[in-house]
Amino acid sequence: MQEVFSKLINIGLTPNSFYVLYCIHNNIIPDKSVNTSLEVSRLLSGNYLTESLELSGNSLKFIEEIDGFFKKSKKKTSKNLMGDDFLDNIKLYNELFPKGKLPSGVPARVNVKGLENAFRWFFENFSYSWETVLQATEKYVDEYSMNRYNYMRNSQYFVRKQNTDKTWDSTLATYCDMIEADDYEEPNYFKEHIV
């Protein structure tokens, strides 16, 4: 609540002025205990109302901002972000990667709990379906299988990897873009060998 009053003070509005602004916005008749004419003149002088007593662009933005303080934010659970069957999809995703270790010495598959956190980040930042995610992963693993998985990322780093500048990178998102844009070029499995 303190933040709301601080905002009002910073822009030079009284609580009564904001109340009148809110009433105009919602087509409500203000209570008689508020001196409406005084508050309207304050709002006009502060450019919160136009001459025709309509809300200005600034006042609309301010009302939205104040409304934001009172809306309860919905907690983003894993089910909300990734769907009801997210654990099954994560297991399917993980099983697309080869068993054992990659040539770099790290395991190709990461535990499901670690993947859940990575996928929470992924689905907060990107809006791909699980079908697209699984197709993109198949393409990625298939592509690297030709080179015996050299330089391939493990199942967690494929979803997200932190760069040296503390930003996050997602190779999975790049492959999903290629799948959705139908821009994926099949690798050439056969090489010409001239003798």
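Predicted model: local features only at pLDDT ≥ 70, side-chain atom pairs only at ≥ 80, totals over all residues.
Leaving out residues up to four places away in sequence, E116 touches S78, M82, F86, L87 and I90.

One of these partners, F86, also takes part in a packing of two helices described under the next heading, and so does I90. Between α5 and α6 runs a loop that holds D85, and D85 counts as partly exposed at 42% relative accessibility. D85 and L134 are separated by 49 residues in sequence, while their C-alpha atoms are 14 Å apart in space.

## Helices α6 and α8

Two packed helices are described by the angle between their axes and the distance between the axes. For helix α6 (residues 86-95) and helix α8 (residues 130-145), the angle is about 10 degrees and the axes are 10 Å apart. Because angles under 35 degrees count as roughly parallel, α6 and α8 are described as roughly parallel to each other.

On the side of α6, the contact is made by F86, N89, I90, L92 and Y93, and on the side of α8 by W130, V133, L134 and T137. By type, the residues of this contact of α6 with α8 divide into 7 nonpolar and 2 polar, with no charged residue.

## Two nonpolar cores

The largest nonpolar core has 30 residues, and those with the most contacts inside it are Y93, F119, F122, V133 and L172. The elements that give two or more residues to this core are α5 (78-82), α6, α7, α8, α9 and α10 (171-180). Apart from it lies another core, of 15 residues, among them F18, V34, V40 and L55.

What does F122 touch, not counting residues up to four places away in sequence? The residues are Y128, V133, V159, S170, L172, A173 and C176. Of these, C176 is buried, with a relative accessible area of 0%. C23 likewise counts as buried, at 1% relative accessibility, and a search of the whole structure finds 0 disulfides.

## Helix α2 and what covers it

Helix α2 spans residues 15-25, and within it S17, F18, V20, L21 and C23 are buried. The cover over the buried residues of α2 includes α1 (2-11), α3 (36-45) and α4 (57-70). Just after α2, N27 takes a positive phi of about 55 degrees.

How do the axes of α2 and α3 cross, and within what distance do they come? They cross at roughly 90 degrees and come within 9 Å. Because angles of 65 to 115 degrees count as roughly perpendicular, that is the description given to α2 and α3. In this packing, N16, S17, V20 and L21 of α2 meet T36, E39, V40, R42 and L43 of α3. The residues of the contact of α2 with α3 divide into 4 nonpolar, 3 polar and 2 charged.

## Loop residues

L53 is placed in the loop between α3 and α4, where it counts as partly exposed at 41% relative accessibility. Leaving aside neighbours within four places in sequence, L53 is in contact with I24, V40 and L44. L53 and V40 are 13 residues apart in sequence, and the distance between their C-alpha atoms is 8.2 Å.

Two further loop residues have a positive phi. Y149, which is not a glycine, has a phi near 65 degrees; Y149 sits in the loop between α8 and α9 (155-159) and is partly exposed, with a relative accessible area of 26%. K166, also not a glycine, has a positive phi of about 70 degrees. The place of K166 is in the loop between β1 (161-162) and β2 (168-169), and, at 62% relative accessibility, K166 counts as exposed.

Notes:
Residues numbered from 1 in each chain as written. Heavy atoms only, no water. Contact = heavy atoms within 4.5 Å. Axes fitted to C-alpha atoms, helices over the stretch in contact; angles between N-to-C directions. Helix = DSSP H or I, 4+ residues; strand = E, 2+ residues; numbered from the N terminus. Parallel < 35°, antiparallel > 145°, perpendicular 65-115°, else oblique. Nonpolar A, V, L, I, M, F, W, Y, C, P; charged D, E, K, R; others polar. Buried < 20%, exposed > 50% of the residue type's maximum accessible area, 1.4 Å probe, protein only. Core = buried A, V, L, I, M, F, W, Y, C linked by side-chain atoms within 4.5 Å. Disulfide = S-S within 2.5 Å.
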